[in-house]
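User: I have a structure open and would like to go through a few parts of it. Can we start with a strand pairing?

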Amino acid sequence: MSEQPRRARTSGKPYRRPKKDPVRILAFEALRAVDERDAYANLVLPPLLRKAREKEGPETFDARDAALATELVYGTLRRQGTYDAVLASCVDRPLREVDPPVLDVLSLGAHQLLGTRIPTHAAVSATVELARVVLGDGRAKFVNAVLRKVAQHDLDGWLERVAPPYDEDPEDHLAVVHSHPRWVVSALWDSLGGGRDGVEELLRADNERPEVTLVARPGRATAEELLDEDAAVRGRWSPYAVRLTEGGEPGAITAVRDGRAGVQDEGSQLVAIALAAAPLDGPDRRWLDGCAGPGGKAALLGALAAERGALLVASEKQTHRAGLVAKALEGNPGPYQVIAADGTRPAWRPGSFDRVLVDVPCTGLGALRRRPEARWRRRPEDLEGFAPLQRGLLRTALESVRVGGIVGYATCSPHLAETRAVVADVLKQHPDTDLVDARPLLPGVPDLGEGPDVQLWPHRHGTDAMYLALIRRTG
């Protein structure tokens, strides 16, 4: 007779092999990659889903399983701040002393209990079973005890217990209730100009899963072609945008596979459209995308330039990203050139271009719907790190455009330190410039503020929080 495992003998219970749940194991692996490697969920999740389908087979791991795994990963990351506050009330030590893999399992369990319709008993038992597989029996008991405490209240009940009253600490209240770091809440509040309703609407929008938005690249595809796809509807503002209201796999769409269309947020499309539509005196033959990687805006700009017979030069500092730009532009109907160059040390002569776009590196606070982990990864001091580069790129852009030409300064952040402060500082050094009112160049888009620059918002426009300032060089 084979010897029973030691754990079974000491417990007095027969040993039971833990049941492996491919959906929850996948979600756990994704969270570990985000935590351990600083990976982004939107890059980690697709290959994990493909691997699961190949390993388990489409009958065992179907579209519903993929949807549940996706919800578990993104939902846990979006609500991490709230769940941390709840778990801290249920654990007898500081959360920083809990092993990260254990905390990931607890967070997955908390999301199932507080953020989904999964029945309580199923959420607890499935998470404890996951803990047995990935952590072992001992720590699974700890997970079980903690989750039973979590299950004693629903989300509203927990928020009443763990969030400070709004009247005593508005920013901390909103941070816990809407799961954003306090400094991000404060920055967004400042950018919106105050008012509780507006900032709460924005924070709620950041926690909603965004629709997949496609762009039909002019001269290569049309929105009408993309509208033939299932659950596809027109974009709200861009004539080239189509939204997939029920998700779907963009790579399964022929036009996307062929590069004639791509996945691109409507806010990014509007930035390229506005720059292309800005009034210009004189020739309109040479355009520059000075921060072109990974190539989405460059592909749309290249197509718009081609309609006028203009050349697009797409510059990207990092060689591998320049390769992505080249792939995005492959098949462009007009002339283009992709170069690997530092935008602050240009490989072209001053005044070489008629239109220039610099979509500068930033904290990414405008895309928290798509990259929820960024809110926990970023720190206020990151702003200081980006500031010199942002200013340097804008200065170079102004030197690269001819007199009478247009520069578009864009960034996927609403933080005033990355938007208006950068533009104001650089223009002080360049008195030979004028700000162009960007609002008329986005016809039909409401709530664009007092201008002349434009800030888009998830809660107002259904886009990422893209910022755009258009600047004309006058001398």
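Analyst: Start with valine 215: its bridge partner in β4 is glycine 262. Strands here are DSSP runs of E, at least two residues long, numbered from the N terminus. This is a predicted model, where local features need pLDDT of at least 70 and side-chain atom pairs 80 or more, while totals for chains, interfaces and linings use all residues. Residues are numbered from 1 along each chain as its sequence is written, and side-chain values use heavy atoms, leaving out hydrogens and water.

User: How many bridges join β1 to β4?

Analyst: Strand β1 (residues 212–216) is joined to β4 by 3 bridges, and the two run antiparallel. Two strands count as paired if DSSP finds at least two bridges between them.

User: And in what order do the strands of the open sheet come?

Analyst: The order is β2-β3-β1-β4, with antiparallel pairing. The edge strands, β2 (232–234) and β4 (261–263), each pair on one side only.

User: Which helix packs on the sheet?

Analyst: Helix α15 (residues 266–277) does, touching β1 and β3 (241–244). Contact means heavy atoms within 4.5 Å. Helices are DSSP runs of H or I with at least four residues.

User: New topic. At what angle do α10 and α12 pack?

Analyst: Helix α10 (residues 170–178) and helix α12 (residues 196–206) pack at about 25 degrees, their axes 10 Å apart. That makes α10 roughly parallel to α12. Angles run from 0 to 180 degrees between N-to-C directions, with axes fitted to C-alpha atoms, for helices over the stretch in contact; under 35 degrees counts as roughly parallel.

User: Which residues meet there?

Analyst: His173, Leu174 and His178 in α10 meet Arg196, Val199, Glu200, Leu203 and Arg204 in α12.

Technical notes: Parallel < 35°, antiparallel > 145°, perpendicular 65-115°, else oblique.
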